[in-house]
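Good morning, colleagues. Please look at the structure on the screen while I describe its pockets.

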Amino acid sequence: MPTMPDRIPAEGAHDAFIGHLEAHMVALTFVDNAGITRVKAVPKGRLAQAAKFGIGVSPCFETFTFDDLMSVGRYLGGPDGDLRLIPDLSRLTELACQPGWAWAPADKFTQDGTRFVACQRAFATRQTQAAQNAGLRISMAFETEWSVGRGDVENDFVPVVFGPAYSLIRLSQVGEYASDLVAALERQEIAVDQFHPEYALSQLELSVAPNDPVAAADDAILVRHTIRQVSAQYGWRALLAPCIEPSGAGSGAHLHFSLHDDEGPLLAQGEGPHGMRRAGEAFLAGVLRELPALVAIGAGNPASFLRLQPSRWAGVWQCWGRETREAALRFITGVQGTEDWAANAEVKCFDATGNPYLIVGTVIAAGLAGVAEELRLPTEITGDPMGFDAEKLMLSGVRRLPTSSMEAADALADSKVLAEALGGELHDALLTVRRAEAERYRDISPAKVIEMTRWRF
């Protein structure tokens with residue numbers, strides 16, 4: 001993981017990254033608190049200057065909602081001020097999916113050269129460093145689910161993939177597309193683990209290799225852009241929003257993570273549940289405790305709650321279990337003999353409306369709090385809590401996660417762990433965005449919410 005300077009990097013630090021770049025244009029991206037990936041672009045000849053002095057961007061985006069309407073928070077928002085986007089050239093990538101272009105994620109600095117207090121990517125970097133300071137190495141990866149529809153239909157979704165879920169029939173309809181997509185990702189140095197047709201309407205899924213947390217968030221941005229671009233080359237349009245149709249399953253962006261220290265894996269070789277070591281169990285317990293607040297960050301859009309329904313494997317219950325797909329926190333040991341490198345945990349409730357830098361950072365913060373407090377996991381569950389009677393729900397301690405944007409925002413407001421980790425400015429900006437979205441779409445029909453979010457992510 002690259003180190004995080006407190007000030008804009010010195011002149012001359014960029015030449016090695018730019019010298020062999022063939023692209024003419026470079027897209028510099030950041031992700032706002034509503035989960036929208038924003039961009040400024042420069043010609044190659046301007047990239048060194050951009051890396052030295054930055055590209056101007058308004059801080060108003062910190063409180064933009066997903067529909068591009070501005071809200072104003074306690075600290076941030078409104079028309080005043082300016083920031084500088086500084087590309088991280090260690091991630092500069094020639095875009096195989098968009099010839100003539102390259103891409104780099106950007107960090108936010110102030111005009112006096114210091115880091116912007118509410119930079120989401122810097123937050124993820126700080127939390128990763130906090131884990132390293134605690135002796136932990138964390139690897140993460142996002143799964144990506146999306147549906148493909150006809151590209152010539154502007155205001156609706158018309159599927160292009162048909163047949164049984166996970167079926168070879170579905171795969172045969174996207175075989176060339178899948179091959180081109182994976183090839184583009186591999187040329188962009190994204191290692192693909194697997195691809196398959198999924199359950200929902202015209203839905204596909206792709207998994208990539210784990211990376212350090214900040215790089216995993218970068219990877220998520222690049223994967224989604226590549227999916228959109230390759231889909232367009234086929235005359236299709238990629239839908240990454242959480243809900244496709246009100247009565248059906250939606251698309252998530254599940255987060256997987258594994259933990260190590262100097263002695264080895266923390267989710268294997270121990271005496272805890274399913275071989276967890278004490279620190280690994282405590283980390284998972286911290287994440288489990290903060291799940292209601294984490295929903296506001298990773299799935300707080302009004303459309304998210306159309307996906308977050310019981311009995312759809314969306315992870316709507318605040319509980320954990322080994323290979324329990326209805327639990328929001330699923331533990332995976334791997335097959336016998338692979339536990340040391342395969343054991344990991346999955347947070348299932350997240351989707352593509354969440355800023356991936358905020359997701360990885362807050363999950364780390366929640367886990368580190370669990371380690372500091374030496375938390376223990378409750379008894380795991382099996383089965384679908386929807387079928388539990390009232391007594392079994394009470395005895396198991398299973399709770400439903402927030403069922404609305406406002407409920408999730410309230411949980412985030414109440415989380416002392418995440419408020420401290422995020423800092424006042426970023427915590428308030430997140431709350432401002434989620435509460436504004438909740439108010440605006442409180443009385444809107446599910447069909448209208450789906451229409452408004454369909455092509456935004």
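I begin with residue classes: Ala, Val, Leu, Ile, Met, Phe, Trp, Tyr, Cys and Pro count as nonpolar, Asp, Glu, Lys and Arg as charged, and the others, Gly among them, as polar. The model is predicted, with local features requiring pLDDT of at least 70 and side-chain atom pairs pLDDT 80 or more, while totals for chains, interfaces and linings use all residues. Residues are numbered from 1 along each chain as its sequence is written, and side-chain values use heavy atoms, without hydrogens and water.

A pocket is an open set of points on a 1 Å grid over the protein atoms alone, where a 1.4 Å probe fits, with protein on both sides within 12 Å along at least five of seven lines; lining residues have an atom within 4 Å of a point. Points are joined across faces, edges and corners, and volume is the space filled by probe spheres set on them. Helices (H or I, at least four residues) and strands (E, at least two) are DSSP runs, numbered from the N terminus.

The largest pocket has a volume of about 1,100 Å³. Among its 42 lining residues, Glu 143, Glu 205, His 256, Arg 330 and Glu 346 are the closest to the centre. Strand 7 contributes the most to this lining, six residues. By class, the lining of the largest pocket has 17 nonpolar, 13 polar and 12 charged residues.

The second largest pocket has a volume of about 410 Å³. Of its 20 lining residues, Thr 29, Thr 37, Val 39, His 225 and Arg 228 are closest to the centre. Helix 6 supplies the largest share, seven residues. The lining here comprises 11 nonpolar, six polar and three charged residues.
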